[in-house]
Each structure stands twice: as C-alpha cells, then as structure tokens.
Amino acid sequence: MDTVAQWGMFELKLNGPSAGNPFTDISLSASFRNGRYEAVSEGFYDGGGTYCIRFMPQEQGEWTFTVTSNDPGFNGMTGQFICTTPEPGHHGPVRIKGNVHFQYADGTRYIPVGTTCYVWHLQSEELQEETLRTLMHAPFNKVRMCVFPINCEFNRGEPIEYPFEGSVEQGFDYDRFNPGYFAHLERRIADLGKLGIEADLILFHPYDEGRWGFDRLTSEQDERYLRYVIARLGAYPNVWWSLANEYDLMKQKRPEVWNRYFTMLQEYDSGGHLRSCRNWHDFGAPWVTHVSLQNPDIRVASDYTRQYGKPVIIDDCEYEGNLDARWGSLTAEEMVLRIWEGNFRGGYVTHGETYVNDDVNEDEVLWWSHGGRLRGESIPRIAFLRSLLEEAPAHITYSSDRMDAATLEVSGEYYLQYFGPHRFSYRVFELPEGEYEVDVIDTWNMTITTLEETFQGRFRIDLPSKLYYALRIRKKSN
C-alpha cells in the first residue's frame with residue numbers, strides 16, 4: 001500500500017483522453033476519507049493525456065478515496081494509502097492562532113517575516129537560482145509572488161513562459177492552460193518549501209493593462225483558472241492565497257465577483273490554506289483569514305487587529321531603495337523603523353527592496369520584482385528583530401496601555417518596547433510585583449546591553465537619547 005507523510009502530497013495520475021479540450025471537457029475529483037474526516041480535491045489536466053488529483057492528508061492513518069468524473073474511464077475508481085508521521089522538520093501548513101498570532105498545523109510557532117519578490121520565478125534560470133541562494137541566507141520565511149507575469153515599469157520584458165497556450169504574436173487561448181508554466185511554478189514553490197519559506201501567491205493583479213489579457217478574462221475563465229490553480233497547488237503545505245493586489249483597479253471585473261472568487265478559494269481548497277486580499281473592503285468576512293494591507297502608516301496595525309480580531313500583515317509599507325518614486329526610495333533606517341514599529345504594534349510588516357543597479361551597463365534587476373541579490377542595510381536588522389521575537393513568549397501581544405511607545409507584553413512577565421524616531425533620555429515604568437532585569441537594545445547597531453541592577457515597583461531607566469532604541473524587560477525567575 002502507498003504511504004504518504006502527514007502534510008505531504010498524495011498524487012493520483014491517470015491516463016485519459018487528449019482530444020478536444022481536456023481543460024474544459026473533462027471534470028474529475030476524488031473524495032478522501034479517514035474515519036470521520038472527509039475532504040474533496042478536484043483533479044486537473046497536466047497535458048499529454050495525463051490527469052492528476054492531488055491531496056494533502058492532515059490526519060495520520062489509512063485513507064480511502066473514490067473518483068467522480070464525467071469520463072466513464074475515471075468515474076468510480078477507488079484506492080487507498082497510509083498517511084504516516086510527518087517528515088523531520090515538516091510542521092504542516094500555517095494556521096491562525098487566536099486573534100493575532102500564526103502557528104504551523106503541528107502547533108509550532110510561526111512569525112511571518114516576509115519579503116516581496118513578485119515575478120522572480122519568471123526570470124532567467126540563473127537569476128532564479130541566485131534568488132534561492134539569497135533567500136537561503138536571508139531572514140525571510142514568506143515571499144509574496146504573483147502567478148501571472150507583470151507589465152509595468154522595470155517589468156517590460158517577456159516572461160520565460162506564459163500561463164495559457166499561444167503566443168504574443170498569435171494571441172492566447174484563455175481556455176487552454178500551459179501545464180509547463182504551472183509545473184515550473186510548482187517547482188519553485190517546492191524550492192521555497194525546502195527553505196522553510198511560505199509562498200504567498202497573488203492570484204490576480206492589474207499590472208497587465210491588456211498586454212497579454214490575463215487581467216481581462218471572462219468570469220467563466222477566471223473561475224476555471226482559480227479551480228485549476230487550487231487543484232494544482234492546494235496540496236503544497238507552504239501556499240497562501242492572496243486573491244489580488246489592487247483588485248479595485250481591475251475595472252473589467254464586476255465588484256460582486258470578488259466575493260465569489262473568495263468563497264471558491266474556501267470551497268475548493270481541501271488544504272484550508274490562509275486567504276486574504278490586499279486592502280480588501282471587508283476583512284471581517286468569514287472567508288478572509290487575516291488582514292493584508294498596503295499602507296506606509298504601520299501604526300494602523302493595532303487598529304485593524306482591534307477592529308477585525310484577526311492577524312494583520314502590512315504587505316506593502318513601501319520599499320527600501322533609490323527609485324525616482326516615493327514608494328521605492330525609503331532609507332534603510334526608515335524601512336527598519338517601519339518593520340520594528342509595526343511588529344511592536346502587534347502586526348507583521350513585509351520587507352521590499354528597489355535598488356537600481358549602480359552599474360548602468362547592467363540590466364536593472366530589482367529584488368522587489370526580479371529577485372537576485374539583496375543589497376539593503378535593513379536585512380541584518382530584520383534578522384535581529386526576528387531573533388528577538390522568537391525569543392519572546394509565544395503569547396506576547398500588543399498593549400494599548402502604553403500609547404507613547406509601541407509595546408508587546410505579557411503583563412507582569414515580559415515587555416518589549418520600541419522607541420523608533422523618539423530620542424528618549426529615560427523611561428519610567430510601574431510594573432506588577434516582582435524583580436525585573438532590563439536590556440537596552442540598539443536596533444540599528446544590533447546590540448543588547450543588560451543593565452547590572454535589577455528593578456521593581458516604580459522605576460526609571462536611563463537611555464542614551466538616540467534614535468532606534470528599544471527595551472526588553474523580563475521578570476526574574478525565583
């Protein structure tokens with residue numbers, strides 16, 4: 001009997017008809033059962049007369065399945081497999097924990113430390129490999145990336161492949177997918193998974209402007225595309241669904257269709273992956289798992305958390321770089337400030353980098369879109385922040401009681417307070433009963449200085465009156 005590790009991928013491959021249009025003519029799915037647990041996964045056509053059904057088992061034990069199809073050669077097929085213990089270091093897909101936190105399916109803590117790299121997977125093979133090598137040594141555990149190619153400034157070239165059959169010269173057949181395009185995307189998602197990185201997939205965007213027409217599909221074609229992507233990618237544990245960037249700019253799509261697309265993600269994805277849409281109009285909807293924002297004012301993180309009771313990720317706070325644009329010319333200091341401030345306000349802030357190459361003879365390769373190598377000074381400071389957050393208690397949350405400085409705390413036990421642009425010469429605290437040790441943190445120079453004395457009751461901490469400092473206060477154990 002076949003075996004599959006928990007949160008691994010079971011794949012059923014079937015040979016069938018290739019005549020006509022298999023993408024529209026043939027439908028198939030399988031119902032999977034394990035005791036009281038039941039899930040349905042749709043199948044997809046993978047070209048060359050091959051059909052696939054993929055499933056990510058979330059429970060160990062014996063599974064059985066039955067295929068349903070409009071093709072009599074597939075309909076009624078049955079089978080079984082054993083789901084074994086997870087592979088070492090494999091924690092499963094990311095889930096929501098409580099109102100503000102994330103965790104893996106096995107309960108392991110997950111703190112999103114993301115970056116934006118929109119179409120890195122559509123660059124040359126050499127550049128893609130350089131991107132993976134860079135990510136291997138970077139602090140990021142989430143990458144925002146698009147399924148479709150992008151047509152905008154700095155992205156005028158043609159991608160290595162196209163998601164539909166056809167060509168730029170002859171046009172595209174939006175009713176026929178290009179399986180090779182999606183197989184390549186799968187390979188890169190799997191590569192990210194090996195590095196412990198979540199792939200936050202942007203399913204729609206307006207950055208086409210009719211060049212290829214992928215932003216102007218009919219509702220029927222959109223829905224077929226969504227079901228195809230879910231069927232192909234929904235068995236990868238490190239996938240998140242981001243419905244769209246700037247969905248409101250896609251005027252060809254009626255406003256009411258977006259809710260339908262959201263519910264399709266919920267309905268057809270048996271893996272139950274996370275779902276959001278950047279700057280969505282109603283984050284309170286039950287099919288939205290977390291808030292995704294484009295906003296340079298990272299202080300809103302605490303407001304959105306309080307309003308919706310869901311984790312908040314500011315996926316675009318603008319980018320560190322040197323472009324001739326406000327959004328792409330932040331200093332490294334400002335990028336670090338925004339990421340620290342947003343995290344200390346109970347949210348999570350995504351990094352981005354847009355440095356134009358110094359050598360004018362080189363092609364302009366911007367990390368934000370193409371990948372390659374990271375050059376910004378914010379990177380080690382983000383890694384420093386990640387280590388501090390991972391050392392803190394898993395249940396630490398934003399405290400609105402200390403409005404003059406962004407603060408994470410477990411009352412009476414553990415406090416992290418960030419001062420950002422403020423040059424405090426001292427801070428006064430009054431904490432619950434106990435004895436506390438204090439660390440003064442220089443977030444830019446990445447130093448932690450532990451004060452020799454301990455503190456209790458009402459006390460004052462002297463500070464150097466410099467930018468980008470923080471404090472860590474921990475109750476001493478008896």
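## Annotated domains, sheets and helix contacts in a predicted model

The UniProt annotation "domain: DUF5605", from an unreviewed entry, covers residues 405-474. In this structure, which is a predicted model, that span is 0% helix and 53% strand, with its end C-alpha atoms lying 17 Å apart. Over residues 3-70 the chain is 6% helix and 59% strand, and the end C-alpha atoms are 28 Å apart, whereas residues 100-357 are 31% helix and 21% strand, with end C-alpha atoms 38 Å apart.

### The antiparallel sheet

Strands β8, β9 and β10 form an open sheet of three strands in that order, and the pairing is antiparallel. The edge strands are β8 and β10, each of which pairs on one side only. Strand β8 (residues 94-97) is joined to strand β9 (residues 101-104) by four bridges in the antiparallel sense; within this pairing, Arg95 has Gln103 of β9 as its bridge partner, and Ile96 stands opposite Phe102 of β9. The two strands make a hairpin with three residues between them, and Gly98 in the turn has a positive phi of about 65 degrees.

On the side of β10 (residues 109-110), β9 is held by two bridges, and these strands also run antiparallel. Here Gln103 stands opposite Arg109 of β10. β9 and β10 likewise form a hairpin, in this case with four residues between them, and the turn includes Gly107, whose phi is positive at about 95 degrees.

A second open sheet has three strands in the order β18-β19-β21, with parallel pairing. β18 (291-294) and β21 (348-349) stand at its edges with a single partner strand each, so one side of each is left without a neighbour in the sheet. Strand β19 (residues 312-316) pairs with β21 in the parallel sense over two bridges, and Ile313 has Tyr348 of β21 as its bridge partner. Helix α6 (residues 300-308) packs on this sheet, where it touches β18 and β19, and its direction makes about 135 degrees with that of β19.

### Helix pairs

| Helix pair | Axes come within | Crossing angle |
|---|---|---|
| α3 (residues 179-194) and α4 (residues 219-233) | 11 Å | roughly 45 degrees |
| α4 and α5 (residues 255-268) | 10 Å | roughly 25 degrees |
| α7 (residues 332-344) and α9 (residues 378-391) | 9 Å | roughly 15 degrees |

The axes of α3 and α4 cross at roughly 45 degrees, and that makes α3 oblique to α4. Their crossing is right-handed. Pro179, Phe182, Ala183, Leu185, Glu186 and Ile189 in α3 meet Tyr225, Tyr228, Val229, Arg232 and Leu233 in α4, and by class the contact holds nine nonpolar, no polar and two charged residues.

Helix α4 also contacts α5: their axes cross at roughly 25 degrees, which makes α4 roughly parallel to α5. This crossing, too, is right-handed. From α4 the contact draws on Ser219, Asp222, Glu223, Leu226, Arg227 and Ile230, and from α5 on Val257, Arg260, Tyr261, Met264, Leu265 and Tyr268. These residues divide into seven nonpolar, one polar and four charged.

For α7 and α9, whose axes cross at roughly 15 degrees, the helices are therefore roughly parallel to each other, and the crossing is right-handed. The residues that make the contact are Ala332, Met335, Val336, Ile339, Trp340, Asn343 and Phe344 of α7 together with Ser378, Arg381, Ile382, Phe384, Leu385, Leu388 and Leu389 of α9. They divide into 11 nonpolar, two polar and one charged.

Conventions
Residues numbered from 1 in each chain as written. Predicted model: local features only at pLDDT ≥ 70, side-chain atom pairs only at ≥ 80, totals over all residues. Heavy atoms only, no water. Axes fitted to C-alpha atoms, helices over the stretch in contact; angles between N-to-C directions. Parallel < 35°, antiparallel > 145°, perpendicular 65-115°, else oblique. Left-handed = near helix turned anticlockwise from the far one by under 90°. Contact = heavy atoms within 4.5 Å. Nonpolar A, V, L, I, M, F, W, Y, C, P; charged D, E, K, R; others polar. Pairing = 2+ DSSP bridges. UniProt positions renumbered as here; feature names shortened; annotations may be inferred.
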